[in-house]
Amino acid sequence: MKSKVYFSRTITPEKIKELYEKLGINLPGKVAVKLHSGEVGNQNFLGPEMFKPIIDFVGGTVVECNTAYDGGRDTTEKHLETLEKHGWSEHFKVDLLDARGPDLMLEIKNGKVIDKNFVGKHIAAYKSMLVLSHFKGHPMGGYGGALKQLSIGVASSYGKKYIHGVGVTENFWTSDHDDFLRAMADAASSVIEYFGENAAYINVMKNMSVDCDCCAKAEDPCMKDIGVLASLDPVAIDKACLDLVYSSNDPGRDHLVERIESRNGWLTLEAAAELGCGSKEYELIVID
């Protein structure tokens with residue numbers, strides 16, 4: 001059976017909530033809302049005003065993890081300052097999952113290149129997760145969507161180094177690139193298994209730069225906004241976003257495709273599908 005992916009070209013906070021409701025899921029218990037808090041200096045990240053209706057609707061807590069590179073989010077103290085500066089802590093409860101160690105280690109079953117994933121231990125306080133992803137390019141992964149949020153996004157600062165280094169943190173920046181992409185799929189699979197059916201995914205295709213929200217100095221968006229997607233399948237929703245980029249006739253489309261393909265970005269999606277994280281076969285249900 002094909003996974004359902006709901007899609008609207010209207011990008012508003014209200015439409016995000018509407019598409020979530022189309023999923024027919026009631027996320028139980030305490031809900032972790034994973035999103036990107038935005039690196040200090042980045043001009044493209046999506047702020048609290050975009051997500052306030054949906055976060056309020058699910059009664060969620062905004063969760064993040066510290067970065068593994070220098071910047072405005074590499075320590076708990078600085079990251080909390082950034083969350084305040086960008087308005088997250090003003091509007092929502094916020095929780096840095098790896099604010100204090102030790103990390104929680106998740107076993108990765110049938111991992112391609114790594115067999116464990118290190119996430120912030122606060123994740124144990126949550127029964128379900130809503131993943132709000134800003135779909136765009138990425139300097140290393142080629143693209144960033146739901147699967148990247150589940151892997152690098154949920155990993156602790158140490159866990160990010162572990163994924164990047166494909167199990168050897170000292171190889172943070174020097175590991176085999178394709179194995180790093182496979183490691184992201186491995187890590188994502190452990191978080192998917194952890195939450196089981198208690199997870200939902202929304203991708204917003206707006207401000208699509210070739211760079212990530214983690215870049216303090218990012219390129220401006222290279223193509224026009226496309227829309228909002230919602231699904232219970234992280235592979236299907238990322239595949240649908242990629243397909244929408246590739247089928248676009250926007251003049252900036254080639255620049256984003258070059259970023260995706262030069263980093264072999266499709267490999268993470270392919271590896272995640274092989275691990276059973278979701279399906280590449282989907283039904284796109286268009287909502288006006």
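**Aromatic pairs, cores and backbone features**

A search of the whole structure finds nine aromatic pairs, where rings of Phe, Tyr and Trp (its six-membered ring) pair if their centres lie within 6.5 Å. This is a predicted model, in which local features need pLDDT of at least 70, side-chain atom pairs count only at pLDDT 80 or more, and totals for chains, interfaces and linings use all residues. Residues are numbered from 1 along each chain as its sequence is written, and side-chain values use heavy atoms, with hydrogens and water left out.

**Aromatic cluster**
- Phe118 and Tyr162 form an edge-to-face pair, 5.0 Å centre to centre with 75° between the planes; planes under 30 degrees apart count as stacked, over 60 as edge-to-face and the rest as tilted.
- This pair links distant parts of the chain, with Phe118 in strand 6 (residues 116–119) and Tyr162 in helix 6 (residues 157–164), 44 residues apart. Helices (H or I, at least four residues) and strands (E, at least two) are DSSP runs, numbered from the N terminus.
- Tyr158 and Tyr162 form a tilted pair, 6.3 Å centre to centre with 35° between the planes.
- Phe118, Tyr158 and Tyr162 form one aromatic cluster.
- Tyr162 is buried because its relative accessible area is 8%, whereas Tyr158, at 40% relative accessibility, counts as partly exposed. Buried means under 20% relative accessible area, exposed over 50%, partly exposed in between (1.4 Å probe, protein chains only).

**Nonpolar cores**
- The largest nonpolar core has 48 residues, of which Met205 and Leu229 touch the most other members. Such a core is a set of buried Ala, Val, Leu, Ile, Met, Phe, Trp, Tyr and Cys residues joined through side-chain atoms within 4.5 Å.
- Helix 8 gives the most to this core, with eight residues.
- A second, separate core of 32 residues includes Val33, Met50, Ala200 and Val204.

**Helix 5 and helix 7**
- The axes of helix 5 and helix 7 come within 8 Å and cross at roughly 85°. Axes are lines fitted to C-alpha atoms, for helices over the stretch in contact (heavy atoms within 4.5 Å), and angles run from 0 to 180 degrees between N-to-C directions.
- Helix 5 is therefore roughly perpendicular to helix 7, a term for angles of 65 to 115 degrees.

**Backbone**
- A cis peptide bond, with omega about -5°, joins Gly101 and Pro102. Pro102 is in the loop between strand 4 (94–96) and strand 5 (104–107).
- Asn264 has a positive phi, near 60°, and is found in the loop between helix 9 and helix 10.
- Phi of Asn207 is also positive, near 50°.

Technical notes:
Parallel < 35°, antiparallel > 145°, perpendicular 65-115°, else oblique.
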